[in-house]
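Keep the sequence and the 3D view side by side.

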Amino acid sequence: MQIDKARQYVYKPATAAHYSLQNFKPAIIKAVAQHENLYFSQKFTPVQFHPTLAFEPLHKQSEWQQSALQELLKYLKAHSPFYQRLFKEHNIDIRNIKTLQDMKYLPTTTKSDMQEHNWDFLCVTTDKIKEYTATSGTLGRPVSIALTENDLQRLAYNEQQSFLTADGKPEDCYQLMLTLDRQFMAGIAYYQGIRKLGAALVRTGPGLPAMQWDTIFRLQSNSIVAVPSFMLKMIEYAKEHGIDLHHTPVKKAICIGESLRQGDFELNTLGQNIHKEWPIHLYSTYASTEMQTAFTECGAGMGGHQTPDLIILEILDDEGNPLHSNQYGEVAITTLGVEGMPLLRYRTGDICTFYETQCSCGRYSRRLSPVLGRKQQMIKYKGTTLYPPAIFDILNSIPFIKEYVVEVFTNSIGTDELKLHINTPLPVDDCEHKLRPLLQSKLRVAPLLHFHSGSEMQQMQFPANSRKQVRFIDNRVTAL
Ligand SMILES: [Zn+2]
């Protein structure tokens, strides 16, 4: 009985060209399964990968994805309490969803759904869970993402593909300047991905520029994985201590958490500030805990490549209709091959577009643009529509602003108002005098200014229990 059940919901290969990560031979699986039914159902669940799919034309990628989508829908209907209910409520007959275009008939899912019904997304029994990760939730409580052994394998494969896309080689040595604990999925993903790539790694963790530089020179780390704003701290330290940034062992940086580029793929101010001082190759990445998959730039730096065997990408308008390439909308993803908590048409809240032309690296896979901003963080200011990253970019370009936090709140007449919290080495009056005309010309708005000492700013940017540096505070009264 169990073996039948397991087989029924296994993701079946769509073509003979499929690759299995674990390189299992079907005959062996069958033989083992006949003797150990339970073993079969526990070990050989939905993981099928196709590492060369990104290099195949888009219609081939779509064919593969359509087949994987069908398997996913069957899997969700059989195992996901959340999607079972959703399909029922919306009278969805999954047999009618045959192509990727048919996906528009399926309802979308949001982070609020995950927050309110976290464990209804779980498709396996708890004994199959091998790691619990978490991501901050929109309503304050964290969202748990539970991974099975297969999901951890998938995560490793995903990140291996990601590092390969970013010109990673087995002879590289990656210094990981990020946390590997606090339930942070990305940390463990990088760790596993680098191991799978066959490269060496050094877990230095976040912070401490002096220690980072010392380790780089001692172990000759030629690659780093880091948050771009921390790289600025590394640069500052290097300049103060006579380290020649044109001659360090580091040749490339995989940049996480912050955007490096603007819409036309040119480096934004943050990217420029890094690159002009420390001329190494910068690779931007885009990912989230929920999607368990990364979009990573290749050497061409023309957007994050989709990994087509792991994720379906849609860009949606406000009504949930798919948009075409070059049109900006909300990123929605559908995970492929996830066993614990798969997601169907999950709206990320990030505003992007995508490109479908073949990349100079040879891949045909879609490329995701830099993130314009978060949908929920869109600021309507005196007839102008703004996203926080555009404000960050301007503030990053002003040398006498050392640190900042952008706050938006609802004013007495019920519209959005901006307040900039600033730490400057200049006398406050002097700074304000210089800053006002700059903001007026570059931002075309006149926000309220609030000046803080370094320690006050530190408290604001790194509140207790926050894993990431806070750059934006939304104190608006919402209609939620
Ligand atoms: Zn490329």
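## Sheets and helix contacts

Strand β12 (residues 346–352) pairs with β15 in the antiparallel sense, over two bridges. Strands count as paired if DSSP finds at least two bridges between them. Within this pair, D350 stands opposite R374 of β15. The model is predicted: local features need pLDDT of at least 70, side-chain atom pairs count only at pLDDT 80 or more, and totals for chains, interfaces and linings use all residues. Residues are numbered from 1 along each chain as its sequence is written. Strands (E, at least two residues) and helices (H or I, at least four) are DSSP runs, numbered from the N terminus.

How far can the coordinates be trusted? pLDDT is the predictor's confidence in each residue, from 0 to 100. Its mean over the chain is 88, and 88% of the residues reach 70 or more. Over residues 1–45 the pLDDT is below 50, yet this stretch has 47 contacts in the model beyond near neighbours in sequence. A contact here means two residues whose C-beta atoms, placed from the backbone, lie within 7 Å. Where pLDDT is low, predicted coordinates should not be read in detail.

Back to the strands. β12 and β15 belong to an open sheet of four strands, in the order β10-β11-β12-β15, with antiparallel pairing. β10 (311–316) and β15 (373–374) stand at the edges; each has a single partner strand, so one side of each lacks a neighbour in the sheet.

Another open sheet has four strands, ordered β20-β19-β18-β21, and its pairing is mixed. Its edges are β20 (448–451) and β21 (472–475), each with a single partner strand, so one side of each is left without a neighbour in the sheet. Neighbouring strands in this sheet are turned by 20 degrees against each other on average, direction ignored. Strand β18 (residues 403–410) pairs with β21 in the parallel sense over four bridges. There, V406 has F472 of β21 as its bridge partner. Helix α14 (residues 454–461) lies across β18 and β19 (416–423), and runs at about 60 degrees to β18. Axes are lines fitted to C-alpha atoms, for helices over the stretch in contact, and angles run from 0 to 180 degrees between N-to-C directions.

Now the helix pairs. Helix α7 (residues 149–165) packs on helix α8 (residues 185–197) at about 70 degrees, with the axes 7 Å apart. That makes α7 roughly perpendicular to α8, a class that covers 65 to 115 degrees. The contact residues of α7 with α8 divide into nine nonpolar, five polar and two charged. Ala, Val, Leu, Ile, Met, Phe, Trp, Tyr, Cys and Pro count as nonpolar, Asp, Glu, Lys and Arg as charged, and the others, Gly among them, as polar.

Helix α10 (residues 228–240) and helix α11 (residues 269–277) cross at roughly 35 degrees, their axes coming within 10 Å. This crossing of α10 and α11 is left-handed. P228, S229, M231, L232 and I235 of α10 meet L270, N273, I274 and E277 of α11.

α10 also packs with helix α9 (residues 209–219), at about 80 degrees and with axes 9 Å apart. α9 and α10 are therefore roughly perpendicular. P209, A210, Q212 and W213 of α9 make this contact with K233, M234, Y237 and A238 of α10.

Key:
Parallel < 35°, antiparallel > 145°, perpendicular 65-115°, else oblique. Left-handed = near helix turned anticlockwise from the far one by under 90°.
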